[in-house]
Amino acid sequence: MAMTLKAPKTVVHTPNVPSVVQAAQIAIVTMKLAKVNRWEELQARDVAELRSIIRWDPEQLELLQKHSSILRVLQVSPAVTVYACPACERFGFTGPGAKTGKCVFTEGCDGSLVRASTMNFKPPAKKPKPSSSST
Ligand SMILES: [Zn+2]
């Protein structure tokens with residue numbers, strides 16, 4: 001792969017999950033793209049340099065600002081990410097292991113936990129359908 005052309009990479013995050021989970025995913029994907037392990041390291045980098053590597057849309061910047069308090073806790077490796085309940089909107093931090101299932105934050109809450117992915121979100125619609133039918 002030719003790495004000479006340095007077009008900024010677009011961060012793609014999972015929609016339709018609690019905004020804190022979206023913010024965590026945007027942050028972790030960004031840290032991975034910038035090859036840093038923690039948000040402080042990212043903040044120490046030159047903003048112009050970062051903008052030449054990574055591209056956020058206005059919605060993503062808003063999410064990062066809204067949830068700026070979680071950013072310093074996140075880590076790429078070993079992974080520290082966010083999991084949240086869409087029903088009661090409470091959240092916590094978790095390691096690399098999957099944290100799914102029923103809400104653990106509020107007693108009697110029926111929400112299902114959502115964990116922030118550490119990978120760019122791939123919209124399912126973009127995947128080409130595997131076509132096994134042939135003539
Ligand atoms: Zn809940």
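What percentage of the 135 residues in the chain is buried? I looked this up before anything else. Buried residues make up 25% of the chain. A residue counts as buried if 20 or more other C-beta atoms lie within 10 Å of its own, as exposed if 12 or fewer do, and as partly exposed in between, with C-beta atoms placed from the backbone.

**Ground rules.** I note that this is a predicted model, in which local features need pLDDT of at least 70 and side-chain atom pairs count only at pLDDT 80 or more, while totals for chains, interfaces and linings use all residues. Residues are numbered from 1 along each chain as its sequence is written.

**Overview.** I listed five helices and five strands in the chain. Helices (H or I, at least four residues) and strands (E, at least two) are DSSP runs numbered from the N terminus. Along the sequence they follow the pattern β-α-α-α-β-α-α-β-β-β. I then checked contacts, where two residues are in contact if their C-beta atoms, placed from the backbone, lie within 7 Å. Of the contacts with a separation of 6 or more, 58% come from residues 24 or more positions apart.

**The sheet.** I found three strands in an open sheet, ordered β4-β3-β5, with antiparallel pairing. The edge strands, β4 (91-94) and β5 (114-115), each pair on one side only. Two strands pair if DSSP finds at least two bridges between them. Strands of a sheet pair through backbone hydrogen bonds, either parallel or antiparallel.

I followed β3 (residues 81-84) on both sides. Two bridges join β3 to β5, and four bridges join β3 to β4. Valine 82 has phenylalanine 93 in β4 as its bridge partner. On the β5 side, alanine 84 is the bridge partner of valine 114, and tyrosine 83 stands opposite arginine 115.

Which residues of β3 point the same way as each other? Thr81 and Tyr83 point one way, Val82 and Ala84 the other way, and all are buried. For tyrosine 83 I have 21 C-beta neighbours inside 10 Å, so it counts as buried. Its C-alpha lies 9.9 Å from that of cysteine 103, which is 20 residues apart from tyrosine 83 in sequence.

The hairpin of β3 and β4 has six residues between the strands. In that turn, glutamate 89 has a positive phi of about 65°.

**Helix α1.** I turned to α1 (residues 19-33), which lies across β3, β4 and β5 and runs at about 165° to β3. Axes are lines fitted to C-alpha atoms, for helices over the stretch in contact, and angles run from 0 to 180 degrees between N-to-C directions. The helix has 15 residues and reaches 21 Å from its first C-alpha to its last, close to the 21 Å expected at 1.5 Å a residue. The expected span is 1.5 Å times one less than the number of residues.

Why do I call α1 largely enclosed by the rest of the structure? The reason is that 12 of its 15 residues are buried. Among them are Val20, Val21, Ile26, Ile28 and Met31.

The axes of α1 and α4 (residues 58-66) come within 9 Å and cross at roughly 105°. That makes α1 roughly perpendicular to α4; angles under 35 degrees count as roughly parallel, over 145 as roughly antiparallel, 65 to 115 as roughly perpendicular and the rest as oblique. The contact is made by Ser19, Gln22, Ala23, Ile26 and Ala27 of α1 and by Gln60, Leu63, Leu64 and Lys66 of α4. I sorted these residues into five nonpolar, three polar and one charged.  Ala, Val, Leu, Ile, Met, Phe, Trp, Tyr, Cys and Pro count as nonpolar, Asp, Glu, Lys and Arg as charged, and the others, Gly among them, as polar.

Most residues other than glycine have a negative phi, and most peptide bonds are trans. I noted asparagine 16, with a positive phi near 60°, in the loop between β1 (9-10) and α1. With 8 C-beta neighbours inside 10 Å, asparagine 16 counts as exposed. Lysine 35 lies in the loop between α1 and α2 (39-44), and its 11 C-beta neighbours inside 10 Å make it exposed. Last, I found a cis peptide bond joining serine 77 and proline 78, with omega about -10°. Proline 78 is in the loop between α5 (68-71) and β3.
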